[in-house]
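Open the model in your viewer and keep the selection tool at hand.

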Amino acid sequence: MSAFGFLKSVGSVMVNEASPTVAITLSDSALKVGETSVVTFTFSEAVKGFTNADITVQNGTLSTVTSLDGGITWTGTLTPGFSSQDASNVITLASASYTDVAGNTGSGGTSANYEVDTAQPWVATTLSDSALKLGETSVVTFTFSEAVTGFDNADITVQNGTLSTVTSIDGGITWTGTFKPTSDIEDATNSIRVNKSGYTDLIGNVGSSPGNSLNYEVDTKAPTVAITMNDSALKLGETSEVTFTFSEAVKGFTNADITVQN
């Protein structure tokens, strides 16, 4: 007798001693955010006592299994776990957890491997210089949690400046560009924002956060000065007070910067 028993005839009665077997298949074996997979359990014959309690699912949950053909084929929907990233997963059916109609104990089964990647990529945005003045630039670095695709300057919002074309030299994890502030601007509150739906990881999961940079300051407005005198017609013995009024506070200003005629 085999490990699974056999069918034999006792007089005019057919006796079933064959253990039922099962094949487990998935409609989708590479799951990302928002996807599900139909799991099918196909038994060698009709079975009873088969429930979700007999099934072990890795990195996901399985809806209640049901059969529409008398207990031979059962299906359920696999929903992958949130923020999981695992390339090696299987669904396992325990042996001795169900029987055929004759009462023979079933054998166990394992599905083929399936992948789960429901971890959405995110980005950290940093600047090499966060206080920019006239003539300065800053290297902007976008560091993603994993390699991404579809990321370009159209996904980036820059305040009070322009950003050169972003590029990556490590396969799409780290991207850099050069920020050049707009001239004649004075603004202490600025940030760079990444559109989270503008890029995906390599299997298609969209970004999870906008990836705002920390604040940076832009001051490319050159200070100006107005020079006034309290007496503009001077004769022997007279003096005049000269006032230099700047558009903002200045430093480094001395008499060496001033030319006085007569």
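Start with the lining of the largest pocket: by class it has seven nonpolar, five polar and no charged residues. Here Ala, Val, Leu, Ile, Met, Phe, Trp, Tyr, Cys and Pro count as nonpolar, Asp, Glu, Lys and Arg as charged, and the others, Gly among them, as polar. This is a predicted model: local features need pLDDT of at least 70, side-chain atom pairs count only at pLDDT 80 or more, and totals for chains, interfaces and linings use all residues. Residues are numbered from 1 along each chain as its sequence is written, and side-chain values use heavy atoms, leaving out hydrogens and water.

Select I227, M229, L234, S240, V242, F244, N255, I258, T259, V260, Q261 and N262 to show that lining. Strands β28 and β29 (242–246) are the elements that give two or more residues to it. Strands (E, at least two residues) are DSSP runs, numbered from the N terminus.

Next, select M229, in strand β28.

Now select K133, D219, K221, P223, E248, A249, V250 and K251. They line the second largest pocket. A pocket is an open set of points on a 1 Å grid over the protein atoms alone, where a 1.4 Å probe fits, with protein on both sides within 12 Å along at least five of seven lines; lining residues have an atom within 4 Å of a point. By class, this second lining has three nonpolar, no polar and five charged residues.

How values were computed. Helix = DSSP H or I, 4+ residues; strand = E, 2+ residues; numbered from the N terminus.
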